[in-house]
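Please have the sequence and the 3D view ready, and follow along as each space is described.

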Amino acid sequence: MHGTALTWVDNAGLTRVKAVPADRLAQAAATGVGMSPCFDVYLVDDSMTASEYIGGPDGDLRLVPDLDRLTVLAAQPGWSWAPVDRHEQDGTPYAACQRGFARRTAARALAEHGIELRMGFETEWVAVRGPLPDAEGEPAYPTAGPAYGMARLVENADYLRDVLAALSAQGVEVLQIHPEYAAGQFEVSVAPSDPVGAADLAVLVRETVRAVSLRHGLTASFAPVVDPAGVGNGGHLHLSLWRDGRNLCADGEGPFGMTRECEAFLSGVLRELPALLALGAPSPASYLRLRPSRWAGAFRCWGLENREAALRFVAGRSGASGGANAELKCVDAAANPYLLVGGVLAAGLAGLAGLAAGGRGTGLPAPVSGDPALRGDQPRLPGSLGAVLEQFERSAVLREALGGPLFDAVRAVRAGEIALFEGASEREIAAATRGRY
């Protein structure tokens, strides 16, 4: 007997699941699988808060698997996977479905501007031997080699080979895999996709790495930080804008070859960044990572190939305009990827709307080179989830795009986790969250 895992990601950034036997998958696709809407107000510790629209024991939804994304899981024999869209009992789309939100905003970009987005996530994780320790313990890392060192790859060659093999067997195109900076840290990058597809891949890649890790006696943590004194895990998002086969991030008259539309889109993202962090850096632990001089993108600025800027522009190789893209560096894997791609799209669309209305305020500020922390002339992004939540609550762009039920559920979860960790030390926050992602 084989089973199919049907997943969605909640507003705390945790992947939730219901599973069906393979012989019931067709019925699940036709009529859905029941699930309470209360998970939209679950916190990272599985406690539940409430929002104006969602909370409590009442109500039921239908989880409808997207069979176009059905994937046989190479590292979990006998299992396949499909992401779900969530619907009301009468079949209408559920207003707080995060995957539906991502799809709506992508459709708006095409309908209003004829623009398609290509997006891709970098997945960073820390591997430790055995289970993760509590706040008083120290993780046991599987390598002693230097940052980015070949020694780390040699020490973990079988492990990383099996990650590559599993992803390849699942049809995932890997661009690169390598050891990262922090102890026990690795990164894998996959080829770009449409926005919803990129978010689906973020879930699939993470759960594949998790499964391969367990087979090697390792635990993989995708949390913003494992050790609050060190460098954390990012979940960087790359994006490019396309129309009729042309990359609008290149061969234009704007900064470093951007077209005016690319510049307007990125200016909208940069303008909304403090509020967008409620979607892209959603945990109190995120702000243990989002610190200056750690390549985390802690300053609200942009630059050409500047890994300290929140928004890094990649012009691509000379003569290869298809590779030009922008990278959002201030986000991490505690984010619900569907919320993040939808929020970035909504912010960029606000920038494009300004361009269509006459172009005022749609240009980017001057690019920044070097470490903004040393320059002293660039605005810092908010340094706590509380400060971010204030920005989120004031964002008309995100409120309108998300709609009342989803916006208020996100707000409630952020407020709930702020209260949950009030008074906790950095080590306590890291220990409480590193085993959840």
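The largest cavity in this predicted model has a volume of about 110 Å³. A search of the whole structure turns up 4 cavities of 30 Å³ or more.

**The largest cavity**
- Its lining is made of 13 residues, and Phe121, Ala202, Arg206, Gly235 and Ala333 are the ones nearest the centre.
- At least two lining residues come from each of β7 (116-129), α5 (195-215) and α8 (337-356).
- The biggest contributor is β7, with 4 residues.
- Sorted by class, the lining holds 7 nonpolar, 2 polar and 4 charged residues.

**The largest pocket**
- Two or more lining residues come from each of β7, β8 (174-179), β9 (185-190), β11 (237-243), β14 (309-314) and β15 (325-328).
- Here β7 gives the most, with 6 residues.
- The lining divides into 15 nonpolar, 14 polar and 11 charged residues.

**The second largest pocket**
- This pocket contains about 340 Å³ of space.
- Among its 21 lining residues, Thr7, Thr15, Gln76, Glu207 and Arg210 lie nearest the centre.
- Elements that supply two or more of the lining residues are β1 (3-9), β2 (15-21), β6 (79-87) and α5.
- Which element gives the most to this lining? The helix α5 does, with 7 residues.
- By class, you will find 10 nonpolar, 6 polar and 5 charged residues in this lining.

Methods
Residues are numbered from 1 along each chain as its sequence is written. This is a predicted model: local features need pLDDT of at least 70, side-chain atom pairs count only at pLDDT 80 or more; totals for chains, interfaces and linings use all residues. Side-chain values use heavy atoms; hydrogens and water are left out. On a 1 Å grid over the protein atoms alone, a cavity is a set of points where a 1.4 Å probe fits but cannot get out, and a pocket is an open set with protein on both sides within 12 Å along at least five of seven lines; lining residues have an atom within 4 Å of a point. Grid points are joined across faces, edges and corners, and a volume is the space filled by probe spheres set on the points. Ala, Val, Leu, Ile, Met, Phe, Trp, Tyr, Cys and Pro count as nonpolar, Asp, Glu, Lys and Arg as charged, and the others, Gly among them, as polar.
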